[in-house]
Amino acid sequence: MAKDEMILMNMSFDSHHLDKVLMKLMDAKNFYPQKASSIVFNEEVGFLQEDRSYTDLLVRIKHIADDLKLELNEGEHDIKLDIKKVEVSLNGLEREIKKIMDISSQLQKEKHENELTLGMLKHLNSNDINFDQLNHCQYVTMRLGCIDKKNKDQFSYLDKYPVVFYELGKDNNLIWGCYVVVNSYLLEVDNFFKSIGFEEIDMPDFVHGEISDAKKELQNEVEAMQSYILNMDLKMDQLRIAHQDELMKIYATASYIAKKETYKDYVVDLKNKYSIYGFISKDNIKDLKNHFKGIDSLEYQILPSDTFEQQQIFAPNVVNNSKFIEPFELLSHKKQKIVYAYAYLYYGVFALFFGDLGVGSILALIGFLNKGKKSGRLLFALGVATILGGFVYGSVFYVINLYPAIIGFNILFRVIDGLVLIVSGTVGIRLLKDKWTMNQLSKKGIFTMIIIYIVLVYLLSLLENSIQLPFVPFAIVIGAILGLIVQLIRNKKRNKEGKNVWQ
């Protein structure tokens, strides 16, 4: 692990090159631009404002896509977009969508009402109540409808009112019925029934004839409306197919430009030209200049990294880990001192304890198939370590032995030991984050980590095999302890001299 030595770079350029610079800046690697608002201290110096119209356009397109059930993605894009022309096109599309949705919504509403009426007729058919006479009473009013079964318990509230609820029938979830109330209490009772979800059903005029005929006519209307609704869905599908390529292109271009607009936050306006400040390591300066090659007016100025520290602008702490260590940044969140500890622990355990050709191959394959993800790269690294350990033991899925193991070690015990070490080691690394401990687990403290492994493995082998203390392992432990003492003295001396143990 190595810290990159950072410097502050100022890139200045003519204003007419702004778009080119922003497009290059979006793809620049290992360059950390700083907000212009944090750097501008002179009233005569300004900074650019992001154009939010492209962000607003994206919100609008997403709403249209939701209505059309269109899944958007950022595919091929242009570098420019005529917003006025796009808005005219979207206005027409939105009007078509609204027209179809309004018709469909009205059809759904009428279909629902007819279905409720049809359900009510099925229950009226078996009752001898004269509803026509009730509807023409002068002093009482009748309401037909249905209510959820779970709300029937609230009817006790009506005991003090002159109202009667007559249950006509039930189905799985609903109670079908009617209530009759004295007109002087109608508003209060209506309000109560609405509050508990009573859905009133208005009977069409033709219902007052033969109920069987009314049911047939309603059923025909329900089927016709369902056909109309499907037709509206088909029109919406046709609308989606006709406009999906256009919407995808607009969405991708607007997304690209909206992202580019956010980079204006880094641009300092010097009236006659623009400027961008950012941190970069000395090793990456050449690559950055090559990346911006072709912009004639671009000039570079190198500044000390602490130029704006009084304004609380500090150089980022960039760690450049090797490809072998980088996958473990997923576990350590790039904390410099911890990432190596995780790498030593997991590589060692998966190779020496979980080593197996079959298991390693599966882990490596899963990791390779997901190499675009951090978790995939981690699984691939652990899979390779497990395969290497598998060559030592010659086992496939811990059952098939291709050849005698180079190291004789009970399979069950080594897997259990590995799990113990993984759990205890991970917990230990997360808990022991003080400076002294991390110094021992750093790159310079790799010897200390090996010492810990030797001691733990040796103690576990004693427990499993119940053997007497032999001379060779005992000598290894003694050597490990001496090495630890030497390491501690070395670090203590460095700290006294004021040196950075991480350099």
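**Reading the model, feature by feature**

Q: By about how much of a helix are R240 and D237 separated in α7?

A: An α-helix has 3.6 residues a turn, so residues three or four places apart point the same way. R240 and D237 are three residues apart in helix α7, which means that about one helical turn separates them. Helices (H or I, at least four residues) and strands (E, at least two) are runs assigned by DSSP and numbered from the N terminus. The model is a predicted one: local features require pLDDT of at least 70 and side-chain atom pairs pLDDT 80 or more, while totals for chains, interfaces and linings use all residues. Residues are numbered from 1 along each chain as its sequence is written, and side-chain values use heavy atoms, with hydrogens and water left out.

Q: What interaction does R240 form with D237?

A: Side chains of opposite charge can pair when their charged atoms come close. A salt bridge is counted when a side-chain nitrogen of Lys or Arg lies within 4 Å of a carboxyl oxygen of Asp or Glu. R240 and D237 form one, with their closest N and O atoms 3.0 Å apart. By this rule the count comes to 12 salt bridges.

Q: Is R240 buried or exposed?

A: Buried means under 20% relative accessible area, exposed over 50%, and partly exposed in between (1.4 Å probe, protein chains only). R240 is buried because its relative accessibility is 19%, whereas D237, at 31%, counts as partly exposed.

Q: Which parts of the chain does the salt bridge of D19 and K260 link?

A: In this salt bridge the closest N and O atoms of D19 and K260 are 3.4 Å apart. Distant parts of the chain are linked, with D19 in helix α1 and K260 in helix α7 (residues 211–262), 241 residues apart. D19 is partly exposed at 36% relative accessibility, and K260 is buried at 5%.

Q: Which residues are linked with R143 in a network of salt bridges?

A: R143, D190 and E200 are linked in such a network.

Q: Where on helix α1 do the buried residues fall?

A: For such a reading, one takes the arc of the directions from the helix axis to the C-beta atoms. In α1 (residues 18–27), the buried residues are L18, V21, L22, L25 and M26. Their arc spans 140 degrees when seen down the axis, so they line one face of the helix.

Q: How many of the residues of strand β9 are buried?

A: Eight of the eight residues of β9 (residues 274–281) are buried, so this strand is largely enclosed by the rest of the structure. Y274, I276, G278 and I280 point one way from β9, and S275, Y277, F279 and S281 point the other way.

Q: Which strands pair with β9?

A: Two strands pair if DSSP finds at least two bridges between them. Strand β1 (residues 6–13) runs antiparallel to β9 and is joined to it by eight bridges; here N10 stands opposite Y277. Strand β2 (residues 31–33) is also antiparallel to β9, over three bridges, with F31 opposite I280. Strand β8 (residues 267–269) pairs with β9 in the antiparallel sense over three bridges. The hairpin of β8 and β9 has four residues between the strands, and K271 there takes a positive phi near 70 degrees.

Q: Which strands stand at the edges of the open sheet of four strands?

A: The strand order in that sheet is β5-β6-β4-β7, with antiparallel pairing. β5 (163–170) and β7 (199–200) are at the edges with a single partner strand each, so one side of each has no neighbour in the sheet.
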